[in-house]
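Here's a quick briefing to read alongside the sequence and the 3D view. Take a look at the model first, then come back for the tour.

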Amino acid sequence: MENSLKTMPKLGKTIALINQKGGVGKTTSTVNLAACLALADRKILVLDFDPQGNASSALGIDRATAASRPTIYNALVGEVKLSETIHATEVDGLFVSPANSELAGAEIELVAMFARESKLKIAIAELKNQYDYILIDCPPSLGLLTVNALTAADSYLVPLQCEYFALEGLSQLIHTIGLIRQSTNPALAEEGILLTMYDGKTNLSNQVVDEVRKHFTHQVFTTVIPRNVRLAECSSFGKPIVLYDVNSKGSSAYLSLANEFLTRNQALEPTVTPGLVTPPPFNPSTGMTGESSNSL
Ligand SMILES: Nc1ncnc2c1ncn2[C@@H]1O[C@H](COP(=O)(O)OP(=O)(O)OP(=O)(O)O)[C@@H](O)[C@H]1O
Ligand SMILES: [Mg+2]
């Protein structure tokens, strides 16, 4: 039974985390949602689709390690298969295809190529059904990389920072999604809006939450990610929050986001699935959680 489950094709649902505004929590949300979904026994692939390479380093893949193999850039331009770029991470069931500054060149190189908007979709096709969920960390722009991500994706998730001008630029983003639906990806669905960096002590954060919920009602995730210094720290240590400080507010928030996400996607998943996520056992002597495996 277990063996047949392992060989069954997986859901392969692909989700692009997008917002052309910089620093709103796209990478933090990609990495930490991905880690929490992996803890719930889903097999997860993170595609680092930002030349800044922040998702790669936040998952412990430093520049030298990323350069030891072809990167997502090489797969995007068709030089290698996407599966040749994938690294295991410290979290069992969580894998990453890293990016580096080479990916910035793709934005220009792709312009002259046939089917330039579909390059990522073509690259993903080979391995889509080997993962339960594939999360794409997009760059802060609506250029050709983001268009490729939205063309490859089944849905998009928008992290919104609880601050002044949170909604600024959203109409441009919605317009881009409309264009993608009319052209390269009519089935592109909405995963939801995720409010990030919420600070309960400020009126401003509460006003933003109220306004966004009023405008977008059920599209907004119930889970709100608080501003939490441990979330900012963990990326620089190359660890998702559940390995860095499982008892932090940030960790609880991403664990409940993963549960909400899985509940929303329940209807799509195969009937025999693992359950929701529970926090891993915490070892106070090492400050570390759970077991990890680096096997592919
Ligand atoms: N909930 C949070 N609490 C505290 N700091 C956070 C939180 N979320 C993200 N940060 C920090 O804010 C900064 C921006 O976050 P992040 O890199 O996730 O945003 P981004 O949207 O991916 O940025 P970019 O557009 O540059 O790719 C980072 O330094 C990150 O560590
Ligand atoms: Mg980022």
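How many bridges join strand S1 (residues 13-17) to S5, and in which sense do the two run, parallel or antiparallel? There are 5 bridges, and the strands run parallel. Keep in mind that this is a predicted model: local features need pLDDT of at least 70, side-chain atom pairs count only at pLDDT 80 or more, and totals for chains, interfaces and linings use all residues. As for labels, residues are numbered from 1 along each chain as its sequence is written, while chains are lettered from A and ligands numbered from 1 in the order in which they are written.

**The sheet**
- Seen as a whole, 7 strands make an open sheet with mixed pairing, in the order S3-S4-S2-S5-S1-S6-S7.
- Its edge strands, strand S3 (87-88) and strand S7 (189-196), each pair on one side only.
- Helices (H or I, at least four residues) and strands (E, at least two) are DSSP runs, numbered from the N terminus, and two strands pair if DSSP finds at least two bridges between them.
- H2 packs on this sheet, touching S1, S2, strand S4 (94-97), S5, S6 and S7.
- Contact here takes C-beta atoms, placed from the backbone, within 7 Å.

- All of S5 (residues 133-137) is tucked away, with 5 of its 5 residues buried.
- Buried takes 20 or more other C-beta atoms within 10 Å of a residue's own, exposed takes 12 or fewer, and partly exposed is in between; C-beta atoms are placed from the backbone.
- Tyr 133, Leu 135 and Asp 137 point one way from S5, and Ile 134 and Ile 136 the other way.

- Most residues other than glycine have a negative phi.
- Asp 41 has a positive phi of about 70 degrees, and is found in the loop between helix H2 (26-39) and strand S2 (44-48).
- Asp 41 counts as partly exposed because it has 14 C-beta neighbours inside 10 Å.
- Thr 217 has a positive phi of about 30 degrees, and counts as exposed because it has 8 C-beta neighbours inside 10 Å.

Terms used:
Contact = placed C-beta atoms within 7 Å. Axes fitted to C-alpha atoms, helices over the stretch in contact; angles between N-to-C directions.
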